[in-house]
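Dear colleague,

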Amino acid sequence: MNSPRTLLIAGGIGITPLVGMDEALASSGRQWALHYAVRERAQAAFLERLQALGGTRVRLHVDAEHGGKPLDVAGLVRSADADAELYACGPAPMLQVFEDAARMHAPGRWHLERFGPAAAPASQAEAPTEGYTVTLARSAR
């Protein structure tokens, strides 16, 4: 989170990894906004904690209160400043919309967290058959 502007988008339980980022941004002095989407208001986690952070910076979108219409994730991403960092976590369909829209931003400016793999191999023939080695860049371990 090094940009002067940050946009956080959470769907449902996807708020969990973003709430800590939200709190760090609130104390950083940088510009930021969090858009948090849930189907029903009763499903909103951490609501009191989020409301204490930012007044207009934290925006709750309740689908049921918008005629069942989901949050316009693509519109939020498209309207973000070019130098903003974008983060999203939530259900797979929401993340797909985010990822498709975020491609207009520079690589490294947008990030997402999934609760599982992006896509499972269609068949065992496509599954990796060999292991791999990971090297940590900073420590070279």
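A nonpolar core is here a set of buried Ala, Val, Leu, Ile, Met, Phe, Trp, Tyr and Cys residues joined through side-chain atoms within 4.5 Å, where buried means under 20% relative accessible area (1.4 Å probe, protein chains only). The model is predicted, and local features need pLDDT of at least 70, side-chain atom pairs count only at pLDDT 80 or more, and totals for chains, interfaces and linings use all residues. Residues are numbered from 1 along each chain as its sequence is written, and side-chain values use heavy atoms, without hydrogens and water.

The largest nonpolar core comprises 19 residues, and L7, I9, L71, V73, V77, L86 and F98 have the most contacts inside it. Two or more residues each come from β1 (5-11), β2 (31-38), α3 (73-79), β4 (85-89) and α4 (92-102); helices (H or I, at least four residues) and strands (E, at least two) are DSSP runs, numbered from the N terminus. The greatest contribution, 5 residues, is that of α4. Another core, of 18 residues, lies apart from this one and includes L8, A10, V19 and A44.

Strands pair if DSSP finds at least two bridges between them. β4 runs parallel to β1, joined by 5 bridges, with A10 opposite C89. β4 also runs parallel to β5 (residues 110-113), through 4 bridges; there, Y87 has H111 as its bridge partner.

Yours sincerely

Conventions: Buried means under 20% relative accessible area, exposed over 50%, partly exposed in between (1.4 Å probe, protein chains only).
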